[in-house]
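This briefing gathers what can be said about how the pieces of one chain are placed against each other. Please read it with the sequence and the structure side by side.

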Amino acid sequence: MDRVARLASERAVVVFTASNCSMCDVVTSLLGSLGVNAAVHELDRDPRGREMERELARRLAGGGAPTVPAVFVGGDLVGGTNRVMALHLAGELVPMLRNAGALWL
């Protein structure tokens with residue numbers, strides 16, 4: 001099992017970020033405001049961060065899209081900021097988080 005998959009399955013919600021990424025802050029703040037205690041991994045502070053960033057780029061289909069934030073729920077890649085915000089606005093994020101055991105209410 002690769003490192004990204006192992007880390008992504010350590011908690012109900014896992015977010016890969018970078019310390020200088022404002023959109024990462026937006027996503028982690030949203031999750032926190034919903035009551036989610038996500039595991040957050042800052043790739044630029046991890047010795048194997050570049051390797052994980054390459055793996056995330058591969059999973060996100062390359063295409064020049066940002067690799068952070070990368071949000072995993074229940075071990076599955078949900079996506080980045082646009083996908084998380086779209087799910088939230090559509091009312092689909094909270095049920096997804098509940099199903100993964102990230103929310104108790």
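Pro95 is a residue of helix 5, and in this predicted model it counts as partly exposed, because its relative accessible area is 35%. Between Pro95 and Ser9 there are 86 residues in sequence and 19 Å in space, taken from C-alpha to C-alpha.

**After helix 5**

- Ala100 belongs to the segment that comes after helix 5, and with a relative accessible area of 27% it is classed as partly exposed.
- Although Ala100 and Val13 stand 87 residues apart in sequence, their C-alpha atoms are 8.0 Å apart in space.
- When neighbours within four places in sequence are set aside, the contacts of Ala100 are with Ala12, Val73 and Gly74.

- Leu31 sits in helix 2 and has a relative accessibility of 2%, so it counts as buried, the cut-off being under 20%.
- Not counting residues up to four places away in sequence, Leu31 touches Val13, Val15, Val36 and Leu97.
- Gly74, which is among the contacts of Ala100, is 43 residues from Leu31 in sequence and 14 Å from it in space, C-alpha to C-alpha.
- Leu34 is located in the loop that runs between helix 2 and strand 2 (39-42), and its relative accessibility of 24% places it in the partly exposed class.
- With neighbours within four places in sequence left aside, Leu34 is in contact with His88, Leu93, Val94, Leu97 and Leu103, and Leu97 is also listed among the residues that Leu31 touches.
- Leu34 and Thr17 are separated by 17 residues in sequence and by 19 Å in space, C-alpha to C-alpha.

**Helix 2 against helix 4**

- Two packed helices are described by the angle between their axes and by the distance between those axes.
- For helix 2 (residues 22-33) and helix 4 (residues 81-89), the axes come within 10 Å and cross at roughly 30 degrees.
- Helix 2 is therefore roughly parallel to helix 4, since angles under 35 degrees are given that description.
- The crossing in which helix 2 passes helix 4 is left-handed.
- On the side of helix 2, the residues that meet helix 4 are Met23, Val26, Val27 and Leu30, and their counterparts in helix 4 are Thr81, Val84, Met85 and His88.
- Sorted by class, this contact of helix 2 with helix 4 contains six nonpolar residues, two polar residues and no charged residues.

**The two sides of helix 4**

- Thr81, Val84 and Leu87 are the residues described as buried in helix 4, and they line one face of the helix because, seen down its axis, they fall within an arc of 140 degrees.
- Asn82 and Leu89, by contrast, are exposed on the other side of helix 4.
- The packing partners of the buried residues of helix 4 are helix 2, strand 3 (70-73), strand 4 (76-79) and helix 5 (93-99).
- Just after helix 4 comes Gly91, which takes a positive phi of about 80 degrees.

- Gly49, Met52, Glu55 and Leu56 are the buried residues of helix 3, and they are on the same side of helix 3 because they cover an arc of only 120 degrees around the axis.
- The face of helix 3 that is turned away from this buried side carries Arg50, Arg54 and Arg58, which are exposed.
- The elements that cover the buried residues of helix 3 include helix 1 (3-8), strand 1 (13-17) and strand 3.
- Most residues other than glycine have a negative phi, and most peptide bonds are trans.
- Ala61, which follows helix 3, has a positive phi near 70 degrees.
- The peptide bond that leads from Val68 to Pro69 is cis, with omega near -5 degrees, and Pro69 itself lies in the loop between helix 3 (49-59) and strand 3.

Key. Residues are numbered from 1 along each chain as its sequence is written. This is a predicted model: local features need pLDDT of at least 70, side-chain atom pairs count only at pLDDT 80 or more; totals for chains, interfaces and linings use all residues. Side-chain values use heavy atoms; hydrogens and water are left out. Axes are lines fitted to C-alpha atoms, for helices over the stretch in contact, and angles run from 0 to 180 degrees between N-to-C directions. Helices (H or I, at least four residues) and strands (E, at least two) are DSSP runs, numbered from the N terminus. Angles under 35 degrees count as roughly parallel, over 145 as roughly antiparallel, 65 to 115 as roughly perpendicular and the rest as oblique. A crossing is left-handed if the near helix is turned anticlockwise from the far one by less than a right angle, and right-handed if clockwise. Contact means heavy atoms within 4.5 Å. Ala, Val, Leu, Ile, Met, Phe, Trp, Tyr, Cys and Pro count as nonpolar, Asp, Glu, Lys and Arg as charged, and the others, Gly among them, as polar. Buried means under 20% relative accessible area, exposed over 50%, partly exposed in between (1.4 Å probe, protein chains only). The arc is that of the directions from the helix axis to the C-beta atoms.
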